[in-house]
Amino acid sequence: MKTQLFLIIILFGSIGHSQTPEPPDGYKWVVNEKFTDEFNGVDLDSTKWYDRSPYWVNGRPPATFREYSVSVGGGNLKIKNSVLEGDSIYNIAGGAVASVAKDAHYGYYEARIKASGISMSSTFWMKNKRMTEGCITEQQELDIVEIVGQQKRAGDFRETMKSNAHFIDTPCDGKENYISAPGPGAKIVPPSNEAYHVYGCWWVDAKTLHFYLDGTYVYTIHPSTAVREDPFYRPMYMHLVTETYNWEDPPTPEELADDSKNTTYYDWVRSYTLKAME
């Protein structure tokens, strides 16, 4: 049924708040299968996804990533956060699903997500590995959305869509420059942990990123050109991650044990590239 709905959306436009942007004249959107999944089965498709990211293995304390946190069922990819015992560094088990393919490039990327109701993130983002030229390294990260279903201390990540474009540059002196270009944010109604929402990004070119919430354009980010004129020129892999932050209090064991709030749900991920019309 969900596959049929997906086809209807492609043909006729927005149903359930999903809508690809209007393509440029002479082009059409075509599905990028490597980064598209309806999560209709009972197992994660290992031809498309790792159940524990090989690109970011351990996470940020106090949460790390475990394969057992990740499951597929009921038409969703689910990442269930829980108490982790027996580790000297980490005491929370989250999850980091990563794409097998690493060549996501210019195109449109969207995911329908319902955040957990605890103070851990529910995220949808892309990144590439460090590239070295001589003694200089560089890396790019595209945060389509970072949301937190329960705010205890900092910011408003529950009711505001947060996006960012990071250019990470390490020159020959070894001092890393983390150059960020955050988006202005967009109001999420109902809040991110109370309903599913569609978060999307049209990666137009190396300097232009358009962001969408529930099929509606909300803002544009231009990555910093302080280091190079074409900052987002390299392909990336995709991440679906739950994690803790150093600026937010982590969930309690009682919150992590509450199955009504400890899980992030990804209904689907859909990706498209532009193709010239014949």
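## Stop one: a proline in a loop

Start by selecting P184, which sits in the loop between β13 and β14 (186–187). Before you go on, keep in mind that you are looking at a predicted model. Is P184 buried or exposed? Its relative accessible area is 65%, and the cut-off for exposed is over 50%, so P184 counts as exposed. P184 and V218 are 34 residues apart along the chain, yet 9.1 Å separates their C-alpha atoms.

## Stop two: a threonine in a strand

Next, click on T208. You'll find T208 in strand β16, which covers residues 208–213. With a relative accessibility of 14%, T208 is buried.

Then try a distance between T208 and D230. Their C-alpha atoms are 9.8 Å apart in space, while the two residues lie 22 residues apart in sequence.

## Stop three: the disulfide

Now for some sulfur. How many disulfides does a search of the whole structure find? It finds one. A disulfide is a covalent bond between the sulfur atoms of two cysteines. Select C135 and C172 to see the pair, with sulfur atoms 1.6 Å apart. Look along the S-S bond and you'll see a right-handed link, with 60 degrees about that bond. This pair ties together distant parts of the chain, 37 residues apart: C135 is in the loop between β10 (131–133) and β11, and C172 is in the loop between β12 and β13.

Then jump to another cysteine, C201, which is buried at 1% relative accessibility.

## Stop four: the largest pocket

Time to look for empty space. Rolling a probe the size of a water molecule over the atoms shows where such space is left. The largest pocket holds about 490 Å³. To find it, select E141, D143, E146, H166 and Y178, which are the lining residues nearest its centre. In total, 25 residues line this pocket.

Where do they come from? The largest share is five residues, from β12. If you colour the lining by class, you'll get ten nonpolar, six polar and nine charged residues.

## Stop five: the nonpolar core

In soluble globular proteins, nonpolar side chains tend to be buried together. To see this kind of grouping here, go to the largest nonpolar core, which has 39 residues. Select F124, M126, L142, M161, L209 and L240, the members that touch the most other members. As for where the core's residues come from, the largest share is four, from β11.

Stay on L240 for a moment and show its surroundings. Beyond its neighbours within four places in sequence, L240 is in contact with a list of residues that includes F39, W49, L77, I79, F124, Y266 and V269.

Most residues other than glycine have a negative phi, and most peptide bonds are trans. Our last selections go the other way.

Select F39 in the loop between β1 (27–31) and β2. Its phi is near 55 degrees, a positive value. F39 is also buried, with a relative accessible area of 2%. Next comes D214, in the loop between β16 and β17 (216–221). The phi of D214 is positive as well, near 50 degrees, and D214 counts as buried at 17% relative accessibility.

Which peptide bonds are cis? Look at these two:

- P61 to P62, where omega is near 15 degrees; P62 is in the loop between β2 (49–50) and β3 (63–65).
- V189 to P190, where omega is near -10 degrees; P190 is in the loop between β14 and β15 (197–205).

Conventions. Residues numbered from 1 in each chain as written. Predicted model: local features only at pLDDT ≥ 70, side-chain atom pairs only at ≥ 80, totals over all residues. Heavy atoms only, no water. 1 Å grid on protein atoms, 1.4 Å probe; cavity = no way out; pocket = protein on both sides within 12 Å on 5 of 7 lines; lining within 4 Å. Points joined across faces, edges and corners; volume = space filled by probe spheres on them. Helix = DSSP H or I, 4+ residues; strand = E, 2+ residues; numbered from the N terminus. Nonpolar A, V, L, I, M, F, W, Y, C, P; charged D, E, K, R; others polar. Disulfide = S-S within 2.5 Å. Buried < 20%, exposed > 50% of the residue type's maximum accessible area, 1.4 Å probe, protein only. Core = buried A, V, L, I, M, F, W, Y, C linked by side-chain atoms within 4.5 Å. Contact = heavy atoms within 4.5 Å.
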